[in-house]
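Colleague: Could we go through this model together? I would like to begin with its surface and then turn to the fold.

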Amino acid sequence: MTAARVLALALGHVRNATWQLLNDPSGDLVLGLACLDIEDLLNPDDIDPAIAPLGRDAARSLAEARTLLGQIPDQVSPAGWAALLALTVRIGA
């Protein structure tokens, strides 16, 4: 799989986490918006997110994104890694 495809799939998982956080009745709107910021940080070239399988919850979706991004660490900005880690900690993943 090419680096662009891996990034697109990781972005798809971040998009899933965003959707899950924004649509959870007990969810936190701020966390959902933080996911949108992370997607922006991870995607400076404006790649379209791939359709990714929906995880059980936002934490699992972000874990999938982290796993994929680990395959292409040189493609991820330090700010992107930091924001992804911070959000993961905030949602308890």
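**Surface charge, pairing and fold**

Modeller: To begin with the surface of this predicted model, D37, D40, D45, D46 and D48 form a negative surface patch.

Colleague: Where does D48 lie?

Modeller: D48 belongs to the loop that joins α2, residues 29–42, to α3, residues 58–69.

Colleague: And is D48 buried or exposed?

Modeller: D48 is exposed, because its relative accessible area is 64%, and exposed residues are those over 50%.

Colleague: What about N43, where is that found?

Modeller: N43 is also placed in the loop between α2 and α3. N43 counts as buried, however, because its relative accessibility is 9% and the cut-off for buried is under 20%.

Colleague: How far apart are the C-alpha atoms of N43 and G32?

Modeller: Their C-alpha atoms are separated by 17 Å, and the two residues are 11 apart along the chain.

Colleague: Changing topic: how many salt bridges does the structure hold?

Modeller: The structure holds one salt bridge. It pairs the side chains of R15 and E39, with an N to O distance of 2.4 Å.

Colleague: Now the fold. How many helices and strands are there in the protein chain?

Modeller: The protein chain has four helices and zero strands. Along the sequence, the pattern reads α-α-α-α.

Colleague: What is the radius of gyration, and what does the globule rule give?

Modeller: The radius of gyration of the protein chain is 12 Å, close to the 12 Å that the globule rule gives for 93 residues, so the chain is as compact as a globular protein of that length.

Colleague: What does the C-alpha trace span along its principal axes?

Modeller: The C-alpha trace of the protein chain spans about 35 × 25 × 20 Å along those axes.

Colleague: Lastly, what percentage of the residues in the protein chain is buried?

Modeller: Of the 93 residues in the protein chain, 40% are buried. As noted above, E39 is buried, as is N43, whereas D48 is exposed.

Terms used. Residues numbered from 1 in each chain as written. Predicted model: local features only at pLDDT ≥ 70, side-chain atom pairs only at ≥ 80, totals over all residues. Heavy atoms only, no water. Patch = residues over 30% accessible without salt bridge, like charges linked within 9 Å, V, L, I, M, F, W, Y side chains within 5 Å. Areas by Shrake-Rupley, 256 points an atom, 1.4 Å probe, with all protein chains shown as cover. Salt bridge = Lys/Arg side-chain N within 4 Å of Asp/Glu carboxyl O. Lys, Arg positive; Asp, Glu negative; His and termini not counted. Charge placed at Lys NZ, Arg CZ, Asp CG, Glu CD. Helix = DSSP H or I, 4+ residues; strand = E, 2+ residues; numbered from the N terminus. Buried < 20%, exposed > 50% of the residue type's maximum accessible area, 1.4 Å probe, protein only. Rg over C-alpha atoms; globule rule 2.2 N^0.38 Å.
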